[in-house]
Amino acid sequence: MSRRFLLLAGVVLAGKAAADAPNVAVDIAPVHALVAQVMDGVAEPSLIIPPGASPHDHAMRPSEARALQSADVVFWVGPELTPWMTGPLGALSEGATQVELLEVAGTVRHDFRDLADHHEGEEEHADHDDHADHDDHDDHAGHDDHADHDEHEKHEEHADHDAHDHDHGHDHNGVDPHAWLDPENARVWVQAIAETLSEKDPDNAARYQANAEKSVEGLSALEAEIRADLAQSEPRFVTFHDAYQYFEHRFDLASSGTVSLGDAASPGPARLAELKARIAEEGIDCAFSEPQYDTRLISAATEGMDVQILVLDPIGATLEPGPTLYPDLLRAMAASFQACSGNS
């Protein structure tokens with residue numbers, strides 16, 4: 001059998017796998033990267049929310065709406081992050097599968113906190129990991145009923161709120177949705193993604209499972225790498241808003257406060273004054289802005305103080321979408337914390 005024939009056969013088989021694979025849509029770039037890792041060699045998932053857009057109040061472009069409407073499988077963090085997606089997901093075809101990742105069994109979840117009002121120590125939050133034990137979530141990875149959960153119906157009313165309310169539009173009660181910043185959750189989700197795709201597309205199940213195993217190994221190595229990089233780092237920092245506690249808990253970091261209670265929500269004079277006092281009292285090293293937001297609020301909070309202004313990017317706003325975005329995102333965050341402590 002000639003080498004040319006084998007190559008042609010491989011191309012035909014690869015084309016058949018892609019043609020038979022389900023159409024998959026994903027909400028945000030970090031989750032899209034995990035799904036792309038699992039689907040490697042089969043097909044490419046569609047990304048609904050571009051990296052530079054806010055997931056809390058994104059207005060879909062026509063191409064994004066079409067990708068969502070034609071999806072056989074949708075992976076999304078949940079209405080805690082993207083309340084506006086509840087409506088479009090409810091209009092999907094009857095056979096489409098929705099996977100709400102915050103509800104996948106084994107997911108580590110932390111409740112919202114307000115560091116400006118309650119500067120609690122890490123030990124007080126350690127017991128939040130018990131959210132991972134959701135006995136009634138075992139079947140969530142591949143089921144279609146997430147959009148109709150009673151506990152989530154209250155989120156639908158947030159779809160029409162203005163952008164300032166969209167930062168978690170929940171008065172900072174309930175679950176913090178930035179769960180992808182914990183690599184343990186990424187490992188759990190990768191396995192759930194592979195199981196869902198294998199059920200939907202059994203012909204490619206072996207490939208999905210093999211890719212998931214490879215991804216889990218890579219995520220474990222990534223966590224060990226970041227832990228080693230941050231071992232000697234003890235940064236004292238404040239952030240634009242409180243989006244990073246999953247990363248903080250996993251890598252033994254502790255924020256001293258936030259400028260904004262929510263994304264794009266301007267703090268009042270009392271909040272700024274309290275934060276400025278804390279920055280001075282605790283000898284804060286740096287204040288973290290985010291790529292998609294104006295740095296003037298950070299500058300106001302640190303005015304007249306010897307505080308570095310650096311950048312943390314929780315969603316990959318400056319990164320190229322694809323399978324490498326997730327590790328690139330976490331490495332960039334680790335590098336920012338190292339720079340804050342002077343250990344970069």
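Helix α10 comprises the 14 residues 269–282. At 1.5 Å a residue, these should span 20 Å. The C-alpha atoms at the ends of α10 lie 20 Å apart, which agrees with that expectation. The buried residues of α10, seen down its axis, fall within an arc of 125°, so they line one face of the helix. These residues are R271, L272, L275, R278 and I279. On the other side of α10, P269, A270, A280 and E281 are exposed. An α-helix has 3.6 residues a turn, so residues three or four places apart point the same way. The structure described here is a predicted model.

The loop between α9 (245–251) and α10 holds D252. The phi of D252 is near 60°, a positive value in a residue other than glycine. Most residues other than glycine have a negative phi. D252 counts as exposed, because its relative accessibility is 62% and the cut-off for exposed is over 50%.

Four strands form an open sheet in the order β2-β1-β3-β4. The pairing in this sheet is parallel. Its edge strands are β2 (46–47) and β4, each of which pairs on one side only. Strands of a sheet pair through backbone hydrogen bonds, either parallel or antiparallel.

Strand β1 (residues 24–26) is joined to β3 by three bridges, and the two run parallel. Here V24 stands opposite V73 in β3. Strand β3 (residues 73–76) also pairs with β4, in the parallel sense, over four bridges. In that pairing, E100 in β4 is the bridge partner of W76.

Strand β4 spans residues 97–100. T97 and V99 point one way from the strand, and Q98 and E100 point the other way. All of these residues are buried. In a regular strand the side chains alternate between the two faces of the sheet.

W84 counts as buried, because its relative accessibility is 10% and the cut-off for buried is under 20%. Along the chain, W84 and A59 are 25 residues apart. Their C-alpha atoms are separated by 8.8 Å.

A further group of pairings involves strands β5, β6 and β7. Strand β5 (residues 237–239) runs parallel to β6, with three bridges between them. V238 stands opposite A287 in β6. Four bridges join β6 to strand β7 (residues 308–311), again with the two running parallel. In this pairing, S289 stands opposite V311 in β7.

Strand β6 (residues 286–289) is covered on both faces. C286 and F288 lie on one side, A287 and S289 on the other. All of these residues are buried.

The largest pocket has a volume of about 240 Å³. Rolling a probe the size of a water molecule over the atoms shows where empty space is left. The lining of the largest pocket consists of A36, Q37, D40, N211, K214, S215, G218, L219, L222, P323 and P327. By type, these residues divide into five nonpolar, four polar and two charged.

Helices α2 (29–38) and α8 (205–229) each supply at least two residues of this lining. The largest share, six residues, comes from α8.

Helix α8 also contains A212. This residue is buried, with a relative accessible area of 3%. A212 and Q191 are 21 residues apart in sequence. In space, the distance between A212 and Q191 is 6.0 Å, C-alpha to C-alpha.

Another buried residue, Q338, has a relative accessible area of 14%. Q338 is found in helix α12 (residues 325–341). In sequence, Q338 and L230 are 108 residues apart. In space, 6.6 Å separates Q338 from L230, C-alpha to C-alpha.

How values were computed. Residues are numbered from 1 along each chain as its sequence is written. This is a predicted model: local features need pLDDT of at least 70, side-chain atom pairs count only at pLDDT 80 or more; totals for chains, interfaces and linings use all residues. Side-chain values use heavy atoms; hydrogens and water are left out. Buried means under 20% relative accessible area, exposed over 50%, partly exposed in between (1.4 Å probe, protein chains only). Two strands pair if DSSP finds at least two bridges between them. On a 1 Å grid over the protein atoms alone, a cavity is a set of points where a 1.4 Å probe fits but cannot get out, and a pocket is an open set with protein on both sides within 12 Å along at least five of seven lines; lining residues have an atom within 4 Å of a point. Grid points are joined across faces, edges and corners, and a volume is the space filled by probe spheres set on the points. Ala, Val, Leu, Ile, Met, Phe, Trp, Tyr, Cys and Pro count as nonpolar, Asp, Glu, Lys and Arg as charged, and the others, Gly among them, as polar. The expected span of a helix is 1.5 Å times one less than its number of residues. The arc is that of the directions from the helix axis to the C-beta atoms.
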